Structure formats: structure tokens, C-alpha cells
Number of protein chains: 2
Amino acid sequence: MDAAEFRKRGKEMVDYVADYLEKIEKRQVFPDVEPGYLRPLVADSAPQDPESFEDVFKDIEKIIMPGAASPACTELETVMLDWLGKMVNLPKEFLAEKDGQGGGVIQGSASEATLIALLAARTKIIRQVQSEKPELTEAEIMGTLVAYASDQAHSSVERAALIGAVKIKSVPSDDTFSVCGSALKKVLDEDKAAGLIPFFFCATLGTTSCCSFDKLLELGPICNKENIWMHIDAAYAGSAFICPEFRHLLNGVEFADSFNFNPHKWLLVNFDCSAMWVKKRSDLIGAFKLEPLYLQHHHQESGLVTDYRHWQIPLGRRFRSLKLWFVLRMYGVRGLQEHIRKHIRLSHQFEHLVLQDERFEICAEVVLGLVCFRLKGSNELNEALLKSINDAKKIHLVPCHLREKFVLRFAVCSRTVESTHIKFAWQHISQLATDLLKTWEHNHHQQ
Amino acid sequence: MDAAEFRKRGKEMVDYVADYLEKIEKRQVFPDVEPGYLRPLVADSAPQDPESFEDVFKDIEKIIMPGAASPACTELETVMLDWLGKMVNLPKEFLAEKDGQGGGVIQGSASEATLIALLAARTKIIRQVQSEKPELTEAEIMGTLVAYASDQAHSSVERAALIGAVKIKSVPSDDTFSVCGSALKKVLDEDKAAGLIPFFFCATLGTTSCCSFDKLLELGPICNKENIWMHIDAAYAGSAFICPEFRHLLNGVEFADSFNFNPHKWLLVNFDCSAMWVKKRSDLIGAFKLEPLYLQHHHQESGLVTDYRHWQIPLGRRFRSLKLWFVLRMYGVRGLQEHIRKHIRLSHQFEHLVLQDERFEICAEVVLGLVCFRLKGSNELNEALLKSINDAKKIHLVPCHLREKFVLRFAVCSRTVESTHIKFAWQHISQLATDLLKTWEHNHHQQ
């Protein structure tokens, strides 16, 4: 949608809201619909081709308003997460469909999804251990639990362990910054020998630092064999799996217990919208379920109703699935695939520009929209380059460390980015590097 | 703002967004402002009288846009929480101001605020115990920790303890459904004698069931003396404290470590906006702080910058303080006070209608906008009345249990509610009760 259409549609939406408020007394305070009403009214999967705004908008009054905030808010979310799950070709066990054991939920951020997965895993293992060794207290068991993640994993995994009050250990990544099976096996064997109970492994697909991928096909079978909950954090990279040519990066998800990625990062959905799926929804519910009377309702034992409050930290919920509904329909799967492919094409364009300049090096394989690069030379030199880039305020880069190296990260993110922006950015960086190297060598010779 | 003005202003806002998108390339990617730039540009406190939409809107381009998403998003939040804190006359230690030790943050829900407070308290007590008894492991200490809340407290408090993996005990409320000092003292003495470590008490102001108030002035000194973190959950009731005549309900907050209420519940701010304050921000930060390089910035050790990511579960944040900024300025303190007072007046109107009908009884003191009532008679009778009310779908009530009694809850909530709605609701309930009692007595006689 361009700015001109946004002006038109935005104003129609303002009128719709105002009309709603002016006529609110004519509406019923409680919907007539029965649980499960929504799924038959919408398609089984996201459309391949874009639909018009009008078509989506018409469905608001037809499909959403009769179900008001509840159950429409919950039911649309369940169906949209099925759509999205099918788009990345998740195994069927992760889908809710009509009577699945799994399903998806929208969390606020990948941090919350990781925490929720860790807490569910913690509850599950404590119950298992207690059933085998009833003499142990919960605190005693918790003292022996260990969670694991790559040394490249996002800090939110360590934070989840901190909140969940369990130990967490880093698994060393290999020289491509990926965790392989043997590395995990080694720490598991050591910890089991020391009397600890490994219970949770967070695999990362698309690490924050350099977009590396843990080796799910090696890690998954180990986790399954060792009774370890495998959660996959694909916060950024997950959106790319809607393209068949990138779906192989998700191979091994069939071994996982939970999977998460953020449509708000790379699928054109506004923040926040973090999609999380589990194979067994009963694992989540078991960790959080409490039922005071003021939250009970007469459908709750029917199995027809999803109570998302048991799937998350907060109790209240927003109607975030509407964002998915609009975006998936107005772009269509093909439109979103084009968006992903364009970004990846542009990151390779940047990569090639870097590679043509002998002063620079690429620091990690460019798989998706992130290019890790640096000037050949010291960390101090690269810190100075970053400073001159960010001080100029034409583009903005966030750095990382890869092992001992200070590295610059060029991320292709914007909805409206074009090849000309990439060329501009590279010419700008290249010129700043030239300027910097002059001074730098001058100072160096003086010393 | 009525629907007509909303149409006008909403459309202006749509144009503003479209203009922004069309001219985005002319804007800088990173702001020129220095940390702390925003506070001098806005007033020290919320205006007493309403300001026009134009005046607030003009400040967007003048005050917010130069600070872009960051630091404007953070700094406006800190200042708005100071405004709101002053509106409810919080002790100065809870305010951030220019160099305070405390301050406020927007969470998504009261559940999250309670969890954050409990986790901060847990970290604090574990460190204290470990410094005194270094031979104890964290797991051993956690096995002895106990949190407390009223038997009337919201289920989210129990859930916070479940997530935090600590024991929680209910403190019996008195016959006004309030926890008093002696009740807390009794359970604390028993638990300490049993070798447990009380570390957290969640006081409720305005319980969900019947809007009762724990006795802060008795509970606070006990918590302070016993080294127990006192958190106050005033999710619903807190908004009323902006009226001087209700502020006495918050007396004793000076003993608390943290305080929370939800402007999204009763202060005309859209969901979500849950305001939380702490006296010592270092207690929160200590519980969550992790600093990977990609999240570091050159101001972080300056003391000038608030990093709200250490104050909450998720990492990402939305610009929710804009909602507070618009609402507080467009209503003014007086406008919001009128809104609160009107609701309370209307709940008393409903209370009087109930009291005039001998078939009914009031089940708890009506303090704010909630009326707990029931037909004199069995729980089955009242369950049947509730069903007939909710089945008619003219109004909607959510019940509760007060001790053994099944109770109906009439809550005045809507922005646009008027006296006529209250009369309508009562006549409707009264008529349904008449119809029900006829059948009920008939069936009863037959048995």
C-alpha cells in the first residue's frame, strides 16, 4: 500500500471507528456466536496472491464483529497462526487445526517466547522427576536443572534462565558460529556425569551477531533421546522460511517442542507480533493454569475453547492477529516472498561491493539480509570506522563481536529499500574508510 | 473528544503518517539530541485543565520527532510516569525526576508488574542470604522463600510465585475482605518458626472480587521491619487516587517498595498501559541486567540514561507513553477526576436502587465503581439470575464468590455511561428477577 492509498484507507478506517462509537448502543453486549464459529468462515490457508483492502475490510463487519472481542480475538489468532505455520511448512503437530494437540500464539517478543518455553519445560521435568523420586522437593530438583544455548545465542535466553532460576550453560559454536551435535553431546555428558539434569536447549536459527544457524538435524535427535525440551528461536530468520529455497534452514524442526519467529521483524507486521508454536499445548497450560471463578466460563471444559491466558505471562490480550490477517491477505504469500527475496538479493549486492574492495573482509557467510564485515586491521580501526559512520548519521550500524573480532553489521530492513540505497550506503562507507585510513596511517607513522 | 472531532483529528493523523512516509528520506537516521533532552521541554506535571488536540499534536513534531524513537520513547515514559505519580501523590522516592533513585515504567499488565516485583524481591533476598550464609546454594535458599497475598488477591499473584518458583501463602482477609496487620503477623510468625524466609507481600487495593482494600498502614510497618518487599497491586482502584477525597485509600504507600495501577482500566488510556513505580530502580536492574555488545551504547555508564529493558520481561518496547501524554493533556487532571467521580456516583446510584428492593442485598461496601449484590436466597437462585441476565444480552455481569456466597458484580466502566444506563440496567435486572422468582417458587412448591 503506497502513501496515497494509505491516506484513503486510513480515513475510511477513522470513519468506521467513529460510526462504531456513534452507534454502539445498537450493538449487543455479548455475541451470539458459538465457540469455533470463525474457522469455517475463513480460508484454510493464506492466499497466494494479494487481495484488495476492500475485500479484507468487508470481512471485519462480516466475520469479526459478530464475534466481538471474544471469541473473535482468540479464534482469529489460532487460525492466523495455522496460516503462518503452513506458510513456513511446519510439521502438522504444531498446528491447532480443528482438533490438534499443538497450536500457535502471539507473544510480545522472542524473549517472552523463550521464557514461556523454558518455564513449560521446567514444570514438565519437575513433575517427571518428582513422579520418579517423590522424596525430592521442587527446590532440590531445580538446583540440578540445566538449560543450554549456543555461545552465540541472544542474551534473552540467559535472561529466561535467570528468571526461571535454573542454571544455563553456553555450548561452544564451531567456526561457522553454529552449534553442532557433538558440542552439545559433550556438555550433556559432562553435566549428567556430575549429577545434573539437562532439561532445555534453545537452538538459534539466525543468531543476532552474524545470522548463523545451529545444526537442528544433529541437535534434535540428541534432545529427543535425552528428554530435553528443544525450543527454536528463529526471531529474525524465521520469516525467510516462507520461501521454499530457504525452508531447508528449518529442517529438523520436527524434533522441536516449540518454535518461534517474529513477523514484526521481517514480515511487514507492525511491532509487536511474535509467533510461537508448541507441539503439545497441554505442556504450556500445565505450567500456568489457575482458574479463579471470575475467569471461568461455561465452555472451559468443552475442549472447544483456547484460553490463551494460560499460554503467556500477562492475563490481558490485544487483538494482534488482525495485523496478520490484513498483511497476509493484502500481500499474499507471493508478495511476502518477493519482499524477503529482495532483501536477500540486496544484502548479496552489498556483500559483493565489500568483496570488491581489498581493504575489507566479510566475517560470516551471508545467508539472509545481514552482512558482517570489517576493515582488515585492528579492532580499534573498526571501532573508529563505526564511529565515523554513525556520527555522520546517513546510515546507522550496530556492531558485534565474533570471537575476538570487532565486526560491523549491515542489515537490510526497510520495507522501501532499493538497490540505490545499497549503493549509496557502500559509497558512503567506502569514502569514510578512505578518510579514516589517511588519518590512521598518518598517526601510525608518527608514532 | 466526540465522534465528530475524532473524525477530523483521526484524518489529520492519517495525513501526518502518510506525509512522514513520503518524506522519510529527508529525515536523519539518528537523532542529534543528547540524553535528558526531553524533560526540560515539557511541563513538570500534568495540566489541571484540558489542552486542545492541536496543542498536543504540535508538540509531536517539536518535542518527539527530534528525539525519534530513541531516546524520546524512553524519556517521555519517565516523565509521564512522574506526572502520573504526582497525580496520585506518590511519595517523592517513587519519582525519577532529575536524579531520583526511583521511577516509573509502563508494563503490559498488572500481572507482569507483580511478577517483576516478585523477581526483583527474590534476587534481593537471595543475595542478602548468600552474603550472610555463603555455604547455601541459590536452590537451597529458594526452597525456603515464601511470598504472601490476601485470600482475595488476584490469581496473577499466585501465578507470579509459580513462575518465580517460590512458595506462596494466602493471608486470611477479615469480614470486610481486607488483610489486616495481625493476620499477616500471625502467618509470618508461624513460617519463621518453621525456618522459612518471608520475602514478598503483595497488598491489594481494590480486589477483583469486591474492591476491598488491604490495610496498608498496618501491613507496611510489618513488612519494613521484617525485611519483606511490599508490592501494592491497585490495578483497578489506583486511578481513583487522583481525586483528593479517595487518596486516603493509598495511605501507607510510603512503606511499599513498588506500586502498580492500570491507567488502561479506568483512566481512559487504551489497553495496554499498566503503570509501575519502584523506590529503588537498582533493585529491578539488579534482577535482570545482562549487557551483550549489540545492546551496549556509549551513554550506558553515564547515569543519564534509563534502560527500560532491565525493568521488564520483553526486550522490545512500544511507545505507549504517547497515549498517556495525549490523555493527560486533553482531559487535564480535572477532566479525569470528573470521569472517576461520575462513575463512583453512578455505582452509588445503582447501590441505592438495590437497597430499595427488599429481595436483594449488597454484599460488600461500595467504595468505587463496583457493586456486589445478590438476591437474598440460595447460590443456585443467584446463578440462575446471572444466567438469565447474561442470556438476555442487554448487559453483561461477571460473578464472584465472597466466602461461600455466589455474588453478582455490577461494574461501571464505560466512558460514555450515564444515569439513564444505570436505571435501565436496574429495571432490567429487577424484571428478570421477578420473572425468575415466579418460576423458581413454582418449581420449589412442586418439589
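## An exposed lysine

The model described here is a predicted one. Lys92(A) sits in the loop that runs between helix H3 (72-87) and strand E1 (103-107) of chain A. Its C-alpha atom is 8.6 Å from that of Gly102(A), a residue 10 places away in sequence.

## A buried alanine

Ala110(B) belongs to helix H4 (residues 110-132) of chain B. Is Ala110(B) buried or exposed? With 29 other C-beta atoms within 10 Å, Ala110(B) is buried, since the cut-off for a buried residue is 20 or more.

Which residues does Ala110(B) touch, leaving aside those up to four places away in sequence? They are Ser156(B), Asp233(B), Ala235(B), Asn260(B), Asn262(B) and Ser274(B). One of these, Asp233(B), is 123 residues away along the chain, and its C-alpha atom is separated from that of Ala110(B) by 7.2 Å.

## Two helices in chain A

Helix H4 (residues 110-132) and helix H10 (residues 281-288) of chain A have axes that come within 8 Å and cross at roughly 80°. H4(A) is therefore roughly perpendicular to H10(A).

On the H4(A) side, the residues that meet H10(A) are Ile116(A), Leu119(A), Ala120(A), Thr123(A) and Lys124(A). Their partners in H10(A) are Asp283(A), Leu284(A), Gly286(A) and Ala287(A). By class, the residues of this contact are 5 nonpolar, 2 polar and 2 charged.

## Two domains in chain A

The domain assignment divides chain A into domain 1 (76-329) and domain 2 (333-446). The C-alpha centres of these two domains of chain A are 32 Å apart.

Where the domains of chain A meet, 16 residues of domain 1 are in contact with 16 residues of domain 2. The domain 1 side of this contact has 11 nonpolar and 5 polar residues, with no charged residues.

## How the two chains meet

Chain A can be superposed on chain B by a rotation of 180° with 0.0 Å of shift along the axis, at an RMSD of 0.0 Å. The two copies are thus related as by a two-fold rotation axis.

How many residues does each chain bring to the contact? Chain A gives 55 residues and chain B gives 56 residues. On the chain A side, the elements that supply two or more residues are helix H1 (3-22), H4, helix H5 (138-142), helix H6 (155-164) and strand E10 (400-402). H1(A) provides the largest share, 10 residues. The side of chain A that touches chain B is made up of 27 nonpolar, 15 polar and 13 charged residues. Of the interface residues of chain A, 100% are also interface residues in chain B, so the copies meet through the same surface.

## Backbone details

A cis peptide bond, with omega about 0°, links Phe271(A) to Asp272(A). Asp272(A) is in the loop between helix H9 (263-266) and strand E7 (274-278) of chain A. In chain B, the peptide bond from Phe271(B) to Asp272(B) is cis, with omega near 0°.

Leu268(B), in the loop between H9 and E7 of chain B, is not a glycine but has a positive phi of about 70°. Leu268(B) is partly exposed, with 19 other C-beta atoms within 10 Å. Arg403(B), in the loop between strand E10 (398-402) and strand E11 (405-411) of chain B, has a positive phi near 50°. Arg403(B) counts as exposed, with 10 C-beta neighbours inside 10 Å.

Definitions and conventions. Residues are numbered from 1 along each chain as its sequence is written. Chains are lettered from A and ligands numbered from 1 in the order in which they are written. This is a predicted model: local features need pLDDT of at least 70, side-chain atom pairs count only at pLDDT 80 or more; totals for chains, interfaces and linings use all residues. Copies are superposed by least squares on the C-alpha atoms of residues with pLDDT of at least 70 in both. Two residues are in contact if their C-beta atoms, placed from the backbone, lie within 7 Å. Domain bounds come from an automatic or database domain assignment. Ala, Val, Leu, Ile, Met, Phe, Trp, Tyr, Cys and Pro count as nonpolar, Asp, Glu, Lys and Arg as charged, and the others, Gly among them, as polar. Axes are lines fitted to C-alpha atoms, for helices over the stretch in contact, and angles run from 0 to 180 degrees between N-to-C directions. Helices (H or I, at least four residues) and strands (E, at least two) are DSSP runs, numbered from the N terminus. Angles under 35 degrees count as roughly parallel, over 145 as roughly antiparallel, 65 to 115 as roughly perpendicular and the rest as oblique. A residue is buried if 20 or more other C-beta atoms lie within 10 Å of its own, exposed if 12 or fewer, and partly exposed in between; C-beta atoms are placed from the backbone.
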